[in-house]
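Thanks for making the time this morning. I would like to walk you through one model, so please have the sequence and the structure open while I talk.

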Amino acid sequence: MNVLANTAEFQHLVPVAQPVQGASRISIIGLGYVGAVSAACLSSLGHQVVGVDVDPAKAGMIAEGRSPIHEQNLETLLSKGVDNDLISATTDIVDAVLNTDVTFVSVGTPTSSDGGCDFTYIRSAARAIGEGLSRKKDYHVVVMRCSVPPASTLSVMVPEIEKASGKTMGDDFGICFNPEFLREGTAVADFNDPPKTVIGANDWFAAEIVADIYRPIDANPIMTTIEVAEMVKYVDNVWHATKVCFANEVGRVCKPLGVDSHAVMDIFVEDTKLNLSPYYLKPGFAYGGSCLPKEVRAVVHLAQQMGVETPLFSSLAETNEQQIEAAVDMVRKSGAKRVGFLGLAFKAGTDDLRESPVLEVMNRLIESGCEVVAYDEAISTGTRVANQFDYVRNVCPHLELTVAELPKFLRPSGFHVIDESDVVVVSQNTPEIRQIIAARLERAQIIDLVRLFTTTPTFSCYEGIGW
Ligand SMILES: NC(=O)c1ccc[n+]([C@@H]2O[C@H](COP(=O)([O-])OP(=O)(O)OC[C@H]3O[C@@H](n4cnc5c(N)ncnc54)[C@H](O)[C@@H]3O)[C@@H](O)[C@H]2O)c1
């Protein structure tokens with residue numbers, strides 16, 4: 001069975017065999033919020049479920065069709081499952097593994113004393129799963145459902161299972177990471193209408209077995225690598241927390257102004273083009289231009305004047321500055337003395353250079369002794385750069401010299417820039433720039449701030465800022 005290195009390879013793999021479709025025998029280790037809901041809901045799809053918990057009280061309640069937690073509709077489903085002989089429960093993991101084909105792991109992953117992830121429960125569950133597998137001949141799939149840092153499934157759980165079982169992942173058993181997205185309080189409804197189903201796997205056979213289990217509620221699960229699936233879960237929750245804090249800071253600024261924060265946010269959420277959309281949500285370079293930096297400063301200033309604290313809003317300029325410094329560091333580490341820039345304005349298709357973060361990078365490199373050249377299809381020696389600079393004089397006085405000298409750095413094409421540079425910083429993702437880079441690939445050293453290619457090039461002369 002193939003064990004794959006990354007998403008691109010995974011997507012191109014042809015399945016080696018199609019697993020049998022239909023009801024599965026599933027053991028669920030850990031009968032807390034996730035495990036109890038999974039047990040009830042998977043049984044409602046017709047699967048045979050064996051629940052396992054180290055806590056005999058929880059296992060006992062599930063075995064009797066009673067819910068160990070307060071959750072709408074859960075007890076009804078559990079008791080139906082038990083009545084239909086689809087749910088049983090035990091404290092014996094080994095026995096549960098022996099009598100099922102797939103094991104879901106939903107034990108707790110509390111915060112460890114250093115603020116990281118405590119793997120204690122995962123390790124002990126993995127050892128018991130391994131013991132079960134050591135007594136089993138048939139292929140088995142282990143599905144990790146706990147929220148864990150990327151790479152933990154393969155570096156923490158799998159070695160424990162392999163050690164305890166003497167078996168090999170990919171040959172004797174398969175591993176998937178299937179994050180849980182339920183919201184407590186509406187968990188059963190969320191199971192039946194999930195925001196998405198994500199299956200991280202390194203072999204198709206295991207992935208298809210898990211996909212089949214979910215088929216009745218999601219015919220098109222998202223297939224990816226285990227590490228991406230692990231990170232998706234963390235990123236989702238950080239995003240949700242960001243949304244909560246963002247909205248609360250809006251409220252804190254609006255209240256003393258006498259502006260109705262809900263009226264503001266009702267309109268805000270109606271914008272699904274720029275606000276609630278994929279726009280601005282891909283890792284890349286710093287924000288800039290004539291609006292974002294100015295307006296962030298203005299809102300922070302407004303809050304300060306009223307004595308309102310907005311640590312999230314206030315942190316934006318700092319994290320943006322770190323992205324600019326990260327690009328400067330990448331160039332410095334390359335050791336290049338002649339630095340080329342493909343793209344000068346804060347984004348493609350405009351000649352607006354006000355608060356362009358590329359100018360900041362250029363300025364810092366000039367100050368540290370680098371020679372620079374640049375190309376931007378929207379900017380020529382005739383661009384009225386001095387007028388633009390007047391607008392940002394109060395916030396960018398340090399850029400005055402670089403702006404004044406800009407015409408002499410400009411080159412008539414991207415090829416001139418590449419040919420005169422030791423390293424090329426790409427800050428715009430246009431068809432023209434992609435063509436220029438493709439024509440010089442493996443000859444030019446590239447620092448990519450915009451993710452030029454879907455699949456990251458692997459040659460040593462290419463580096464991306466966040467990938
Ligand atoms: N609660 C949620 O809303 C939610 C949502 C998505 C993801 N998650 C993640 O899912 C995982 C489980 O969360 P939870 O809230 O259900 O946890 P929980 O603490 O409610 O339940 C975990 C259960 O695992 C049992 N357990 C611990 N070690 C065991 C072992 N070796 N064998 C058998 N049982 C064992 C515990 O007794 C407990 O009943 C965590 O990683 C969590 O971050 C939780």
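Let me begin with a term: helices (H or I, at least four residues) and strands (E, at least two) are DSSP runs, numbered from the N terminus. Residues are numbered from 1 along each chain as its sequence is written. What you see is a predicted model, in which local features need pLDDT of at least 70 and side-chain atom pairs count only at pLDDT 80 or more, while totals for chains, interfaces and linings use all residues.

On the overall layout, the domain assignment, whose bounds come from an automatic or database source, gives domain 1 (7–235), domain 2 (242–305) and domain 3 (311–464). The C-alpha centres of domain 1 and domain 2 are 38 Å apart.

Next, the helix α4 (74–83), for which I need the word buried: a residue is buried if 20 or more other C-beta atoms lie within 10 Å of its own, exposed if 12 or fewer, and partly exposed in between, with C-beta atoms placed from the backbone. Which residues of α4 are buried? They are Leu74, Leu77, Leu78, Gly81 and Val82. These residues lie on the same side of α4, because they cover an arc of only 135 degrees around the axis, the arc being that of the directions from the helix axis to the C-beta atoms. Counting contacts as C-beta atoms within 7 Å, what covers the buried residues of α4 includes α2, β2 (48–52), α3, β3 (87–90) and α8 (187–192).

Both ends of this helix deserve a look at the backbone. Asparagine 73, in the loop between α3 (56–63) and α4, has a positive phi of about 70 degrees although it is not a glycine. Asparagine 73 is partly exposed, with 18 other C-beta atoms within 10 Å. Just after α4, aspartate 85 also takes a positive phi, of about 60 degrees. As background, most residues other than glycine have a negative phi.

Finally, arginine 451, in the loop between β12 (446–448) and β13 (462–464), has a positive phi of about 60 degrees, and arginine 451 is partly exposed, with 17 other C-beta atoms within 10 Å.

Methods. Two residues are in contact if their C-beta atoms, placed from the backbone, lie within 7 Å.
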